[in-house]
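Have the sequence and the 3D view ready to hand.

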Amino acid sequence: MDQEKIAFRTKCVHTGNGIDKETGSIRRPITMANSYRLPEDASTLNWSDPNQLVYTRNTSANQIYLQEKLAALEGGEDCVVLGTGVAALAGVFFTFLDQNAHIICSNVSYVAVYRLLHEYFPDKYGVEVTLLDTANLDEIKKAVRPNTKIIHIETPGNPTTRVSDIAEIAKIAKAVGALLTVDSTFASPFLQRPLELGADLVIHSLTKYINGHGDAMGGAVIGGKELIDKIKRQAMVNLGGAISPFNAWLIMRGVVTLPLRMKQHSESALKIAHFLEEHPAIAFVAYPGLASHPQHEIAKKQMTMFSGVISFGLKGDVNIHNKFVNSLNLIVPAVSIGHDESLIVYTGPTDERNHFYPEEFKNGHLRFSVGLEEADDIINDLKQALKKAGLL
Ligand SMILES: *Cc1c(COP(=O)(O)O)cnc(C)c1O
């Protein structure tokens, strides 16, 4: 199949799948083997080749199928799939940072990234780190140094939904010879394709929208072959971040419906964000699809729709927020995002990254991942919980 000629939706269905040679089954099987039969002469074999089927920590059949699909969806040359999103992010940082390196990173990013870059890499390896608001291009331009190796952004960012301008930041990175790495988990390749905008590497937590069903963890990095090969050698062969073949198979099955799901998540979230914005008990709503979002124009430029995560706050203290969350019937209080069911998390003002958040987040916030239920059912659940919390 010529990947250039087929549409995104068609790739979601077909790419990486094939006819099983042994049985003729039209679904490739789950290969739960740790090892593969060696060639007759193994004397010159590279035992750590991450592209050859030898040992499942180095790579596995189901991993290879999924890599083929995800590379095609992001428009990248190659892909590495790992055990979690954090394994993918750590794989990037461990591969491209050394004791002389400087990295610029969004000050609002996934908590493990924050800890790796705020504490681990500077304290253990002396890596220079600048955390800043990557929605502000001037701040990035001022922060670049001759030894800047990576500019890492997360857009939309977790949990603030702040958006960074991928194309503009790619230009800054190129000018200093740094890699632009983009955590695009909140968008998925259906809504945003950073490589087309000039990024060098795209990172996903497959645990979220790409799998979409809340039943498997995984991570991926997509980009040029040379860069991905280096990550494969570090993150799988040396650091051991390999994914289980079963999880790779589950995620492969989840991706098939990605376009249908992302459309529904985005449509429902926009409707619910409008409902929240107009409700008198709501202190603030952050959703890239709202005209009131500070980077709405950038979001419109680089995303086709705005995905399913909304952050908001209530007019009330910690107790009121807790009462609200515990009064919900349909929406489940649990971490993670991008599942079929709606999920909500309340983070109080003691969050370690609270000082980086925009002013309106300082009182704590609710991160709400809008699921695939009927939007009106979700709105009715929010309404009755607001009432029970004493907010109308
Ligand atoms: C969840 C998440 C991660 C981490 O992924 P895991 O699969 O949980 O390790 C990284 N980045 C973002 C934006 C996330 O939401």
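Lys-208 is in contact with Tyr-110, Thr-185, Ser-336, Ile-337 and Gly-338, leaving aside its neighbours within four places in sequence; contact here means heavy atoms within 4.5 Å. You will find Lys-208 in the loop between β6 (201-205) and β7 (219-223). Helices (H or I, at least four residues) and strands (E, at least two) are DSSP runs, numbered from the N terminus. Lys-208 counts as buried because its relative accessibility is 10%; buried means under 20% relative accessible area, exposed over 50% and partly exposed in between, using a 1.4 Å probe and protein chains only. The unreviewed UniProt entry lists Lys-208 under "modified residue: N6-(pyridoxal phosphate)lysine". UniProt positions follow the numbering used here, feature names are shortened, and annotations may be inferred rather than shown by experiment.

A word on the model itself before going on. It is a predicted one, in which local features need pLDDT of at least 70 and side-chain atom pairs count only at pLDDT 80 or more, while totals for chains, interfaces and linings use all residues. Residues are numbered from 1 along each chain as its sequence is written, and side-chain values use heavy atoms, with hydrogens and water left out.

Now step back to the domains. The protein is divided into domain 1 (3-255) and domain 2 (259-388), with bounds that come from an automatic or database domain assignment. Their C-alpha centres lie 27 Å apart, and the contact takes 40 residues from domain 1 and 40 residues from domain 2. About 3,400 Å² is buried between domain 1 and domain 2, and carbon and sulfur atoms give 59% of that area. Buried area is the accessible area (1.4 Å probe) that two parts lose on being put together, summed over both. On the domain 1 side, Arg-162, Leu-191 and Tyr-209 lose the most area to domain 2, together 23% of what that side buries.

How many salt bridges does the rule find across the interface of domain 1 and domain 2? There are three across that interface, a salt bridge being a side-chain nitrogen of Lys or Arg within 4 Å of a carboxyl oxygen of Asp or Glu. Arg-115 also forms a salt bridge with Glu-352, and their closest N and O atoms are 2.5 Å apart.

Let's turn to the strands, starting with β5 (residues 179-183). Five of its five residues are buried, so β5 is largely enclosed by the rest of the structure. Leu-179, Thr-181 and Asp-183 point one way from β5, while Leu-180 and Val-182 point the other way. Strand β4 (residues 148-154) pairs with β5 in the parallel sense over five bridges; two strands pair if DSSP finds at least two bridges between them. Ile-150 stands opposite Leu-179 in β5.

Strand β11 (residues 343-347) is likewise largely enclosed by the rest of the structure, because five of its five residues are buried. Here Leu-343, Val-345 and Thr-347 point one way, and Ile-344 and Tyr-346 the other. Strand β10 (residues 332-333) pairs with β11 in the parallel sense over two bridges, and Pro-333 has Ile-344 as its bridge partner in β11. Strand β12 (residues 365-369) runs antiparallel to β11, joined by five bridges, with Val-345 opposite Arg-367 in β12.

One last stop is Ser-106, in strand β2 (residues 102-106). Ser-106 counts as buried, at 5% relative accessibility. Not counting residues up to four places away in sequence, Ser-106 touches Leu-131, Leu-132, Thr-134, His-152, Ile-153 and Glu-154.
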